Amino acid sequence: MEDFLEGKIEGKVYDKRTLLSLYKLMKKGIIKTLESTVKEGKESVVVSAKDKEGNYLAVKIYRVEHCDFKSMWKYLVSDYRFERVRKSRWHIVINWAKREFKNMKMAFEANVNCPKPIFVHENILVMSFIGENGIAAPTLFELKNEKLDWQKIYETIIEDMEKMISNDLIHSDLSAYNILFLDKPYIIDFSHGVTRVHPFAREFLKRDVENINGFFSKIGVHVDENLFEKLKEYLQ
């Protein structure tokens, strides 16, 4: 079983506990097959997979040994939903995955354009796949030189930011790198998301606005200079 899984994810090295978790997801019928690596980061790897109907899924696997658990810990203990997490690398990573799942669910239920959260188990998050035929959609940053209706894309993202914050969620890591584009923009990577009562909610919201307005203004889009002032009203 381990050789099969390691082969499917192109020889990436995972601890036995992660491999066992993947196997359990297969036994549960959440995943039927793993396909190939979609995106590899320092702290996580996203792998394409298929369910029993042949639909593509995205499987995000948080690395346990290479995570920045000190930074994760600071985010977790300042979040009232996870403030009692045990300070061990494994438990921090598990709760980090749960946190992203919870944040993504909040966004999805608010009708934000984002992946559909499907299942979370230990350090593995399963979600719908944003792309075609197993090929992930590109990020906005990768498309910055393409001729698209950038004004409409910007307005759609602003609408999604409003939906998130009105549903008690601030993305906190929003940028052109964390938005995919297929038929429309899809926001991804919700692990840093915080609620409106977070002590740094205002600062995180301001950073998100600056990142989005900065990107779109550079490519010639007319941006709302008062966007932060409008959105921060939700923090009252």
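Biologist: What makes Glu-122 stand out in the hairpin of S4 and S5?

Modeller: In this predicted model, Glu-122 takes a positive phi near 50°. That hairpin has 2 residues between the strands. Most residues other than glycine have a negative phi.

Biologist: How do you know that strand S4 pairs with strand S5?

Modeller: Pairing needs at least two bridges between the strands. Here 4 bridges join S4 (residues 117-121) to S5 (residues 124-128), so the two count as paired. They run antiparallel, and Pro-117 stands opposite Met-127 in S5.

Biologist: Which phi does Asn-111 have, and where does Asn-111 lie?

Modeller: Its phi is positive, about 65°, although Asn-111 is not a glycine. You will find Asn-111 in the loop between helix H4 (89-109) and S4.

Biologist: Why is Asn-111 called exposed?

Modeller: Exposed means over 50% relative accessible area. Asn-111 has 57% relative accessibility, so it counts as exposed.

Biologist: What makes the surface patch with Glu-159 negative?

Modeller: Its members are Asp-149, Glu-155, Glu-159 and Glu-162. Asp and Glu count as negative, so the patch is a negative one.

Biologist: What about the phi of Asp-168, and where is its place?

Modeller: Asp-168 is in the loop between H5 and strand S8 (179-181). Its phi is near 70°, a positive value in a residue other than glycine.

Technical notes. Residues numbered from 1 in each chain as written. Predicted model: local features only at pLDDT ≥ 70, side-chain atom pairs only at ≥ 80, totals over all residues. Heavy atoms only, no water. Patch = residues over 30% accessible without salt bridge, like charges linked within 9 Å, V, L, I, M, F, W, Y side chains within 5 Å. Areas by Shrake-Rupley, 256 points an atom, 1.4 Å probe, with all protein chains shown as cover. Salt bridge = Lys/Arg side-chain N within 4 Å of Asp/Glu carboxyl O. Charge placed at Lys NZ, Arg CZ, Asp CG, Glu CD. Buried < 20%, exposed > 50% of the residue type's maximum accessible area, 1.4 Å probe, protein only.
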